[in-house]
Amino acid sequence: MSRDEIAERFHALLVERFELDPNDIRPEARLYEDLDLDSIDAIDLAIVVRELTGRKVTPQEFRHVRTVADVEREIRRLIDAG
Amino acid sequence: MGTGRGNRIESLRRSVLAGGGFVIFGAVALFGLCIPLPILLLVTPRRLRERRVRGLASVGFRLLVRMIEGCGLARIEVRSEGIPDLAGCLLVANHPSYLDAVFLMAHLPRVNCVMKSSLLNHPLFFPFTRLGGYIASDNDDPQKLIEDCRAASARGEPILIFPEGTRSTRGAPLRFRRGAAQVALRAGLRVVPLVVHCDPPALTHGHPWYRMPDERVHLVIRFAAPCEIADFAGGSAGDWSRLARQATRGLENYFVRQLASTPHDPLSPP
């Protein structure tokens, strides 16, 4: 998938799963402070990433992930590695 | 109501009683730590330990409730069409005052409780909160919270949770965090709403122990019948993350509606 396709699919899943406003999903948007995700949402975020990459990730691996751009970078890394 | 000066004196008198109540509670807790608890631990097999520790804590809380009612600080009442079978259910309550938690712990001795780590690590209470096997709401691992609740429910324990995460702020809109809905969904727990009325406000944010009202506090706790968390999301199905958000809003709306009705009416279903 191209970078843009990944971003688009990822954003669509965020809107659907977490009831987010598409306008709020900017690359620098912070998951916890700006998008109101919490630690339980991190479990579902890991599932979203698994759906996009086919690779299983644990919520713990997302500890250092802070922004939308961080997640997109992780997704690309997992796709490239797989 | 008396004159302005009478009200202030009455308020002061009640504040002194409330302050004294805290001191006595601390003393009782300290005594409980020194004598009954160690004896209990010595004679109790491990598998009964949590249950007995909770029972002991419950005795302490019952003493406290008796003191509070006996000296006229508060009158606490439970209203429901009979208390439903609470085994394994998630008891979801609003939290206007310290008094509601005290009363519930006094009269539901088997109940588990989701509480902040500050209570599990509290310098005075930690032996009770840790040995009582209560559940931490805010550790780093949310899976553990869900698993702990699932396990407690499987053992038949009701689990008390306050979705506000703290005591209410009088005058501010009710704000529920999503943890209660998430736990109910992911651990498959039925929900029992407990609506707590506290009038006039006391021992809540903005009304500390030294600003007691000048009349007796009337606390009314209403139990609803057990229901499904999805009932608060309009019965819809779907992704848990989305459902938890809908159900949390649904719970907030439900509590706001019920709190607006008088405490004497039975609770309506969601």
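Trainee: Why is α2(B) called roughly antiparallel to α3(B)?

Mentor: This is a predicted model, mind you. The axes of α2 (residues 36-43) and α3 (residues 46-70) of chain B come within 10 Å and cross at roughly 155°. Angles over 145 degrees count as roughly antiparallel, so the pair α2(B) and α3(B) gets that label. As for handedness, α2(B) passes α3(B) in a right-handed crossing.

Trainee: Which residues make the contact?

Mentor: From α2(B) you have Pro36(B), Leu37(B), Leu40(B) and Leu41(B), and α3(B) brings Arg49(B), Arg52(B), Val53(B) and Leu56(B). By class that's six nonpolar, no polar and two charged residues.

Trainee: What makes β1 and β4 of chain B edge strands?

Mentor: Look at the order in the open sheet of seven strands: β1-β7-β6-β2-β5-β3-β4 in chain B, with mixed pairing. β1 (74-79) and β4 (135-136) of chain B each pair on one side only, and that's what an edge strand is here.

Trainee: How do you know that β6(B) and β7(B) count as paired?

Mentor: Pairing takes at least two bridges, and six join β6 (residues 191-199) to β7 (residues 217-223) of chain B, so they qualify. The two run antiparallel, and His197(B) stands opposite Val220(B) in β7(B).

Trainee: Which strands does α9(B) touch where it packs on the sheet?

Mentor: α9(B) touches β2 (90-93) and β6 of chain B, and its direction makes about 40° with that of β6(B).

Methods: Residues are numbered from 1 along each chain as its sequence is written. Chains are lettered from A and ligands numbered from 1 in the order in which they are written. This is a predicted model: local features need pLDDT of at least 70, side-chain atom pairs count only at pLDDT 80 or more; totals for chains, interfaces and linings use all residues. Axes are lines fitted to C-alpha atoms, for helices over the stretch in contact, and angles run from 0 to 180 degrees between N-to-C directions. Helices (H or I, at least four residues) and strands (E, at least two) are DSSP runs, numbered from the N terminus. Angles under 35 degrees count as roughly parallel, over 145 as roughly antiparallel, 65 to 115 as roughly perpendicular and the rest as oblique. A crossing is left-handed if the near helix is turned anticlockwise from the far one by less than a right angle, and right-handed if clockwise. Two residues are in contact if their C-beta atoms, placed from the backbone, lie within 7 Å. Ala, Val, Leu, Ile, Met, Phe, Trp, Tyr, Cys and Pro count as nonpolar, Asp, Glu, Lys and Arg as charged, and the others, Gly among them, as polar.
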